[in-house]
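Please open the model in a viewer and keep a selection panel at hand.

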Amino acid sequence: NSFCSPCGVGTHQPRSGALSCAPCLPGFHEPTRSSLACKPCPQFLNSTTGAAYCELCSAGRYRDAEVPASTKTCHPCPARAACPFNSTTLDTLTVARGAWRLSPHTKIIYKCRQGTGTLCRGGRDAGVNGDGYCEDANGPLCQTCRKGDFFDDWTA
């Protein structure tokens, strides 16, 4: 007793007589059943395999953690930062080497002053008051030496 079943959301089947439905590829979505083709995600949005909706910001963009991804909430990655994967949030973006920010909730990313760029390693872990972005230093812009060290940069 065979019968035809509609393809579910997040899938499609353009051929007659197929035995199964194919999932939508990343960057495509299908919110309805019985679809012949998946739709491309709108600009600035992305999706995972088999998505019914495009619910991620594209790489190179970020959103605030408390809001869903949309064409209006996916912002360009800030200067001195990287948004390498889909749906980077403000608190998961990667601060570039030679840059610093106070916390993972801060949108402003500062360039470390010349001569101390190597002390600002960047990364994703802000630590306490931005110290997680520092290498062998701490404080604002990684300009405070740790106990037992001194700042030896007479060119700054």
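Begin by selecting C57 and C74 and displaying their side chains. The torsion about the S-S bond of this pair is about -85 degrees, so the disulfide is left-handed. The bond joins C57 to C74 with an S to S distance of 2.0 Å. It links distant parts of the chain: C57 belongs to strand β6, whereas C74 sits in the loop between β7 (61–63) and β8, 17 residues apart. C57 and C74 are both buried. Please bear in mind throughout that this is a predicted model.

Next, select C41 and C54. A disulfide joins these two cysteines, with an S to S distance of 2.0 Å. C41 lies in the loop between β4 (39–40) and β5 (45–46), and C54 in the loop between β5 and β6 (56–57), so the pair ties together parts that are 13 residues apart in sequence. The torsion about the S-S bond of C41 and C54 is about -85 degrees, so this disulfide is left-handed. Both cysteines, C41 and C54, are buried.

Move on to C134 and C142. These residues are joined by a disulfide with an S to S distance of 2.1 Å. Because the torsion about the S-S bond of C134 and C142 is about -85 degrees, the disulfide is left-handed. Both C134 and C142 are buried. How many disulfides does a search of the whole structure find? The search finds seven.

Leaving aside neighbours within four places in sequence, C142 is in contact with W100, L119, C120, Y133, C134 and A137. Which residues have the most contacts inside the largest nonpolar core? They are L93, V95, W100 and C142, in a core of 16 residues. A second, separate core has six residues, including L45, C57, A69 and C74.

Now select T88, which is found in strand β10 (residues 88–89). Is T88 buried or exposed? With a relative accessible area of 0%, T88 is buried, since that value falls under the 20% limit. Apart from neighbours within four places in sequence, T88 is in contact with R61, Y62, R63, C83 and L93. Of these contacts, L93 has already been met as one of the residues with the most contacts inside the largest core.

For a contrast, select P76 in strand β8 (residues 75–76). P76 has a relative accessible area of 52%, and it is therefore exposed, as the limit is over 50%. Beyond neighbours within four places in sequence, P76 is in contact with G60, R61 and Y62. Draw a C-alpha to C-alpha distance from P76 to A59: these residues are 17 residues apart in sequence and 9.4 Å apart in space.

Finish by selecting C4, which is exposed, with a relative accessible area of 80%.

How values were computed:
Residues are numbered from 1 along each chain as its sequence is written. This is a predicted model: local features need pLDDT of at least 70, side-chain atom pairs count only at pLDDT 80 or more; totals for chains, interfaces and linings use all residues. Side-chain values use heavy atoms; hydrogens and water are left out. A nonpolar core is a set of buried Ala, Val, Leu, Ile, Met, Phe, Trp, Tyr and Cys residues joined through side-chain atoms within 4.5 Å. Buried means under 20% relative accessible area, exposed over 50%, partly exposed in between (1.4 Å probe, protein chains only). Contact means heavy atoms within 4.5 Å. Helices (H or I, at least four residues) and strands (E, at least two) are DSSP runs, numbered from the N terminus. A disulfide is a pair of cysteine sulfur atoms within 2.5 Å.
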